[in-house]
Amino acid sequence: MISVTLSHGNRVAAGVLATLIMVYIIVQPVIGVEYWSKASAFKLLAVDENGKGVTISVELGIVYPGTGSLKVLGEGSLASDTLDSIKLALWYASIIAGLDPSVIDTYITVKEPVKIEGPSATVLFTLVLTALMRGDPVNPSYSATGIVTPGGVIGGVGGVKAKFEAASEAGLKRVLASIMEPVDSPLYYPSITLLDAYYGFTGVNITSGVELIPRQPVAGDTILSGFNESYTYFINQYSVFDSSLPGAWSDQYRETAVYYYERALKAYEAGSHYLAASYAFTSFYNILASYLNYTNINNPAEFPEKISYFMAEANSTLVNVENLLHNVTSRLLNKGAIDICTIDSLTSVYDRVLEVKRGVMLINNVLNKTPHPLSIIYDVSYLYARSLTALKWLELASGIIYECSGSRLIDPGNIDPILGRLEEALRIHYAYLNDLTNSSMVLVMDDSTNKLERLIYLLSALEDLASQFYSLIGLENTLPIYVNSTIYNILLDEYRELLSLLREGSVVTNKLPLSTLTLIELINGNATVLGGNTYSATLVLKELSRLYTYLYLARIQEWNETSSRIHAWLNIRMYIAYTSALLAVVGVLVMLATGKTRSRTALPGITASIMMHHLIRKILNPAISIQYTSGD
């Protein structure tokens, strides 16, 4: 054993270093932040410049706690659109797994000298990230291809046949892809949304089978009266325009209007209040379209004036809606908390406002064209009716505050971090959509100083973006005309799972968001009427989009406190590490300057320096080794 004699200066330096080490040992368990790292290797499917399918070896790893960084390592590189798709994957993985993406570091290692471009690996990245966050297994012989649209719906991508051929040659056993893009391959595992894809990818079923109808009443008389008011209003409006047309007049618009008018009456008699209001709305804008079509054919000189009138009325209604929305949100900000159902109601209103605004802008672009395209008749009628719907719903929301949660969802004083995260998510989704469509849509952010109004705008913009994605991938045209019971049951199972996740976070207790109530009425009371067809299936998919958004909103609320604690702990560790490094150097210098000029007295300084070096490395990067969860 080597004996060591320390001078006074040596003892002071060693004492300070020992104190810092003890502080680190004591503080860490008190703070209570664990640290770990996980990684998984997999085969990414792509198509080369010649259209031939290829497989690329990739490793994806996450380190916790981290600072939200995303790093690309290895021989290859990623294009900007692929990086956007990974950010999108982090968004969805964080929702499902409940892990704040700002407190992990993500590492992507491309093991081959290639450049990966395009968003077609979004589903694969999402599934692997979710598995890593949850700690579920990843089978290295499985892969996936496809995009993820808002609401977790899996969309198709190009070059699928070539990718499956490459997967077969590489010995893969299963490839998940969109059900809307069937592939004749034994590897093909069709998926509708992320939740059923996750089961196919990991073998882990996270569906809980929550009842669609809560045990307690879902709506009071005030909500039903709101449905009834909308139903009565649009039925009356239908009658006004129908009576202005000659009895002998007939076109496709009037035939459709009569069909939905009759269905509205039957739905109301059956007690399906929301469905009755929805059918009445549809009958109204179709009879208005018939009125405009009659004018265009019989009085063409008056047609432009009629179009301009209804456009002006729609714009005027939107101004009234936005003014009333400002008054409502200002009143709510004075409350101690804001409930999810209140937000849901106001978001539904503003979602219609954004839809009308976008439609008005598109119509204005074609008004100068001569002759006007016939589609303008339908578009103007629909947008005018939609603006009236927004006003009616907001009048209802301003008259009552429909609350569904036993605990508060949002503290008005804590909206800023939520706004920042939602803005980032919205920008990523827009960039993603631009890459998919080769367009250059510009996201115009609402600059309102009313924070709740801004929050409602962001939530509405995400839902409005979802409808654009569904239009992009041709969802309503691509799904089978008759959705079979298997597909429909998968959709309902995933819908239940999202409701379950919301309830687990104590966000939804006895009641459900207003949009969910309407969907429940549609599913339970009219599934047989609709025949489980494409219409009802797409309504479920669009509702999934809304629930994913609210789940993310709830996650942000949960993450705010945890994230601040983790980041504070990271700062403490960094402070201790840098201070220790400085004092280690000082300690060595003190030992060398004051110690005896003997080899054995120099040894403690050198040994202490080496020990501190390893300790500092452990403090700064606690994830020393990366464990493979894929088994390879």
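# A tour from cavity to core

Start at the second largest cavity: α2 (80-97) and α17 each supply at least two residues of its lining. Helices here are DSSP runs (H or I, at least four residues), as are strands (E, at least two), numbered from the N terminus. A cavity is a set of points, on a 1 Å grid over the protein atoms alone, where a 1.4 Å probe fits but cannot get out; lining residues have an atom within 4 Å of a point.

The model is predicted: local features need pLDDT of at least 70 and side-chain atom pairs count only at pLDDT 80 or more, while totals for chains, interfaces and linings use all residues. Residues are numbered from 1 along each chain as its sequence is written, and side-chain values use heavy atoms, with hydrogens and water left out.

**Stop 1: the cavity.** Select W91, Y92, P150, G151, H429, L462, S545, Y548 and T549, which line the second largest cavity. Helix α17 gives the most to this lining, with three residues. The lining has five nonpolar residues, four polar and no charged. Nonpolar covers Ala, Val, Leu, Ile, Met, Phe, Trp, Tyr, Cys and Pro; charged covers Asp, Glu, Lys and Arg; the others, Gly among them, are polar. The space inside is about 60 Å³. Volume means the space filled by probe spheres set on the points, with grid points joined across faces, edges and corners. The count of cavities of 30 Å³ or more is two.

**Stop 2: the core.** Now select L44, F284, L422 and L455, the residues with the most contacts inside the largest nonpolar core, which has 168 residues. Color α17 (residues 534-594) next: the largest share of this core, 14 residues, comes from that helix. A nonpolar core joins buried Ala, Val, Leu, Ile, Met, Phe, Trp, Tyr and Cys residues through side-chain atoms within 4.5 Å. Buried means under 20% relative accessible area (1.4 Å probe, protein chains only).

Zoom in on L422. Leaving out residues up to four places away in sequence, L422 touches L455, L458, L459, L462, Y552 and L553. Contact means heavy atoms within 4.5 Å.

Stop 3: Select 273-298 for helix α8. Its 26 residues reach 37 Å from first C-alpha to last, close to the expected 38 Å at 1.5 Å a residue. Of these 26 residues, 21 are buried, so α8 is largely enclosed by the rest of the structure. Then select 340-366 for helix α10, where 21 of the 27 residues are buried.

**Last stop: the whole chain.** Zoom out to 18 helices and twelve strands. Of the 632 residues in the protein chain, 54% are buried.

Key. Buried means under 20% relative accessible area, exposed over 50%, partly exposed in between (1.4 Å probe, protein chains only). On a 1 Å grid over the protein atoms alone, a cavity is a set of points where a 1.4 Å probe fits but cannot get out, and a pocket is an open set with protein on both sides within 12 Å along at least five of seven lines; lining residues have an atom within 4 Å of a point. The expected span of a helix is 1.5 Å times one less than its number of residues.
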